[in-house]
Every structure is written in C-alpha cells, then in structure tokens.
Amino acid sequence: MDTVAALDVAAVRADFPILDQRVDGKPLVYLDNAASSQKPRQVIEAISAYYMTDHANVHRGVHELARRATEAYEGARERIARWANAESADEIVWTRGASEALNLAAFTLGQSRVGAGDEIVVSDMEHHSNLVPWQLLAARNGAVLRHVELTSDGRLDLDSLASLLGPRTRVVALPHVSNALGTINPVARIGRMVREKSSAAYVLDGAQGAPHLPLDMAELGCDLYAFSAHKMCGPTGIGALWGRSALLAELPPYQGGGEMIAHVYRDHSTWTTPPHKFEAGTPNIAGAVGMQAAAEYLDDLGMAAVHRHESSLVGRALALLSEVDGLRILGPTAPEDRAGVIPFVVDDAPAQDIATILDAEGIAVRAGHHCAQLVLDRFGLPATVRASFYLYNTPDEVDRLAEGVRLAVSMLRQ
Amino acid sequence: MELEQLEKRLAGLSDRTLRYHYIIQLGRRLPPMPPELKNGDTMVRGCMSPAWLSGGLDESEPPALRFVGDSESVIVKGLFAILAGVFNGKTPEEALAIDLSDVFDRLGLGEALSPNRRNGFYSMVEQIRRAAASLASETALGSGA
C-alpha cells in the first residue's frame, strides 16, 4: 500500500517568505535549488530564537547560557543523526558544509591510509568538491587517481568501476546524486562491489542526495557521507560528515585548536574522541540549530513525499522541455533515475543567453559548468542550463520554465 | 547610434526581456570582428561563452580608442556593441572620465555590469578600462617628453 502522503505545496510555499516576490514585475520562479535552497520561517526563527535567548560558547562554561547553547548544539547533532538514521550522534562531525566534509575526509584518509602508488577512485561525474581534494591528496602522497567513466545517458559505468577496483584501491569517492546530470547513483550496489573487490574506504558526496532522498546510513553502505545544510532548507556555512565509528576513531585530527584535545603538553597533545576530535575552535552553533530545524521541517513533511513531489515535477519538465525544437536533456531518461535536476542545451542558443532571458522572465536557473567540468568535457559541451527543483516548486512553475525556454530560443534563433 | 537615442529606445521598452530582445538585434548588427583578430591573446577570460576583444589607439588626432569584439553569446555581443558605442572615438582621458555604471543604469541594464555575471561582459569592461588607463598614462608621458 502506498503510504506516502502527498505534499501540500501551497502550505509549504507559505513557509518560505522569500518566494513571495516579483522580479522585474514577474513572479519569482526559483529553480536554482541545486546551488542553494531557500529557508522556511521555521529555520529562520530557530536561528533567531537561539541568538535571542540561548547563545554562549559551547562545552566551556558552567553557566546557564553555556549549558543551553551546548544542549542546543549537541541536541542538533542527535537530531541530524536520527534524520540520517545513523547509529549514534558521535558519527556526525560538524563541518562548514559538504566541501569541508570532503576535504576533511581526503586529508585524514591521506594521513592514515593512502601512500605512494596507492589508488583513489573517483568519477567523471564529480562536483569539484569531490575531485580537487583527492587531486591534492594524490599530489601530496604520490597516489594515483582513477576515474570511473560515464555512460552516454549520464550514469556511472559500473563495468568501468569494476575494472578499477583492486588491492591498491584505498579510497572510492563518488557522488550520491550528480549535481550536473541529476543521476541518482546505485550507491548501495556500488558499496557491495567496493567491499568485494577492495578494502577501500567508500566516501559519498551527499550534497545533492541528502536534501532530496530519504537517508539511511545503514542502507547506503558507505563509510563516510558528506552533506550541506544550505541545500536542504538549512543555513549556509554548516554541514556534516557522517562516518562509521570505527573509521572515525582511526582517522587523525583534521585541524588543531580548542575543543579537539584531551590533554596539551609543551611539545605535543593528545586528542579527544570523535566527533569532537575533528571540530577545532568555536563551532557554528547557530548553524547547527538551523540545520536541526531544517531536518525537522523535512521530517515533518516526510522525505519520501518530498522525493515523490520532485519526481512528478521532473517528469513534467522532461515531457515539456523535450518538445522544444533542438533541446537536448542530459542524464538518464527515466524520471525515477534522477533527482530534481534538469540540465539541458539547445542548438543555436548559448546556455548563458537562455539563462539571462529566463532571469528577465523572473525564472532563476543556472548556466555554466556547475563546478563539474569533467561532466561537460565528457559530453563535449562548454556549458549547460540547469533547472533544479525542490519541495516548494509547482507544476505551474515548470510550465513557466518551458514557456520561458521557448521564448528565449525564439529570441536567440531569429 | 548615439547614446541618447539608445537610451530613449530602451526606455520605451517596458521590461527586461524586451530590452534583451533589442540588445540581441544590436549584436546582430555589429560589424564582424576580423577572424585573424580572434586568437588566444584577444580571448576574454572568465567567460562561459567564448568572447574576444581587441583594440587600442587609432591614427586620428588626438588618438582615440578603437575596440572590436565578438562573443558566441548574442547578448554579450549586443552589450559589447553598446560598449563600443560608448568608448570608441574617445581619447583615453575622456574614456576614463565616463561613469559606466551610470550609463548602464540609465539604459536599464545595470545588472549587466554585476561582477557576479561571469558572462565575459564584465571582463570586457575591465579590460577596456585597464587599456584606457595605461594608454592615458603613456600619452601623458609622451607629451611630457
């Protein structure tokens, strides 16, 4: 029986004050959610309430406000752990976002597991955040990067992956969902392949996965999972790295400073346990509070309902856009294989010009390489237009996108 | 076209889409850039669509700025046409005195100058300004010698 409740989009939209505005006299249509999502009142108010009543530094003072701030901060960690179905809050390391989480993963795995001649497997689908940190590590340690190739419909080529896995593979780092193609990768299946053929740490870039799909760390089968709050209705500047307890215990610290030590001597220090071992300095407490509010907001709606709503928008967009003459959509053709990201190009109409005209029509999309240059190289394109949906977008907005694209193309092709 | 005329024309257009429509026509009317001038040296950095810019002082007395440019983006090409209309024929000193933000605001195209745009047009503007500044200091040195 289907138990997923439908999303009441009108009620959702009422929670997002920013959506109720006009651009150049036209109602704003915000379709740049893969870059950053908007924030509901509940998140904005949680951050504001924290600063209005509870703020102090965490873990340090014995006074009332320090207690409240620490409870808010550690309570947020527990809430995020529950949201991601992690085993314990100690598996959640706060970071500035998915990029920092991946840099943390690359740096610490580099210290503990990757040596000269060892291999790191990434793919041609990566956002630069899950590519450049591994390039830096490979250069530092003399390791070798191997790239999983993509199929013509924008999926990871699993044969290519299988051929790369072996005894020298120390890390496999892949995206849960592609930000440039929209592809939802079969990450659990890949996890089984990785385990069978190597002893590598399996790292997932969840920046585009966590905001859009029900999360279950036990099912994903990875060792580390990076995600950002700002793409899931939370504030900017905060995110998390989920890690298996045993791996987090093995990894060395990332940065030094307050909070992360057990004892400090003149010439060396000892570390506290995870997750605090990885959290030097005063953290983004208000950010954690905001991220908790975002997770609660999404949980109340149900991630399955969010995903289903997005899938229906994607189905509508695929149908309407594919009717535009000369328009080509990248990525898998089946709506169920993609998250709410639709990248496209149109013959004789440069991506940036389409995006500029859509902007003039009040429709916010993105044009460019979307920080995933390898994807565009793979398809031989300088840029794509990317429309990306979220829980507050409506079928009408998809229609306006399609109309806007038609208008832009007719202006550019004359 | 004179700037005042252009301003009047654009002011008569009620929204940004129509203004871009007009700018696309300007781009289409721009004299083509000689192909031999489109090379690595004239390629404008930071562009999503390839763009080129070339120019310097012409032979007139006093020497005036003369730029040619092109872009695979029709809109950037049209915006360059406006830029060429503003700067070409001006001495470097005159060019430096122009408040370009004010010009574009009056044309209702202020957003085109946003550094966030990364559409190559901002880089074109920066390059023309730098060229004008360096040519102005050269002519100042020349006249003092």
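A search of the whole structure, which is a predicted model, finds nine aromatic pairs over all chains.

Q: Are the rings of F16(A) and Y392(A) stacked or edge-to-face?
A: The ring centres of F16(A) and Y392(A) are 4.7 Å apart, and their planes stand at 65°. Planes over 60 degrees apart count as edge-to-face, whereas those under 30 count as stacked. The angle of 65° therefore makes the pair of F16(A) and Y392(A) edge-to-face.

Q: How many residues apart in sequence are the parts that the pair of F16(A) and Y392(A) ties together?
A: F16(A) lies in the loop between α1 (9-14) and β1 (22-23) of chain A, while Y392(A) lies in the loop between β17 (384-388) and α14 (395-413) of chain A. The parts that the pair ties together are apart in sequence by 376 residues.

Q: Which ring has the charged end of R378(A) over it?
A: In chain B, K38(B) lies over the face of W52(B), at 4.9 Å from the ring centre. In chain A, the charged end of R378(A) sits 4.9 Å from the centre of a ring, and that ring belongs to F379(A).

Q: Are α2(A) and α3(A) roughly parallel or roughly antiparallel to each other?
A: The axes of α2 (residues 41-54) and α3 (residues 64-83) of chain A come within 10 Å and cross at roughly 160°. Angles over 145 degrees count as roughly antiparallel. The two helices, α2(A) and α3(A), are therefore roughly antiparallel.

Q: How do the residues of the contact of α2(A) with α3(A) divide into nonpolar, polar and charged?
A: From α2(A), the contact is made by Y50(A), T53(A) and D54(A), and from α3(A) by L65(A), R68(A), A69(A) and A72(A). These residues divide into four nonpolar, one polar and two charged.

Q: Where is the proline P62(B), and what is the omega of the peptide bond from E61(B) to P62(B)?
A: P62(B) is placed in the loop between β1 (51-57) and β2 (65-71) of chain B. The peptide bond from E61(B) to P62(B) is cis, with omega near -5°.

Q: Is D348(A) buried or exposed?
A: D348(A) lies in the loop between β14 (341-346) and α12 (351-360) of chain A, and its phi is near 60°, a positive value in a residue other than glycine. Exposed means over 50% relative accessible area. With a relative accessible area of 62%, D348(A) is therefore exposed.

How values were computed. Residues are numbered from 1 along each chain as its sequence is written. Chains are lettered from A and ligands numbered from 1 in the order in which they are written. This is a predicted model: local features need pLDDT of at least 70, side-chain atom pairs count only at pLDDT 80 or more; totals for chains, interfaces and linings use all residues. Side-chain values use heavy atoms; hydrogens and water are left out. Rings of Phe, Tyr and Trp (its six-membered ring) pair if their centres lie within 6.5 Å; planes under 30 degrees apart count as stacked, over 60 as edge-to-face and the rest as tilted. Helices (H or I, at least four residues) and strands (E, at least two) are DSSP runs, numbered from the N terminus. A charge sits over a ring if NZ of Lys or CZ of Arg is within 6 Å of the ring centre and within 35 degrees of the ring normal. Axes are lines fitted to C-alpha atoms, for helices over the stretch in contact, and angles run from 0 to 180 degrees between N-to-C directions. Angles under 35 degrees count as roughly parallel, over 145 as roughly antiparallel, 65 to 115 as roughly perpendicular and the rest as oblique. Contact means heavy atoms within 4.5 Å. Ala, Val, Leu, Ile, Met, Phe, Trp, Tyr, Cys and Pro count as nonpolar, Asp, Glu, Lys and Arg as charged, and the others, Gly among them, as polar. Buried means under 20% relative accessible area, exposed over 50%, partly exposed in between (1.4 Å probe, protein chains only).
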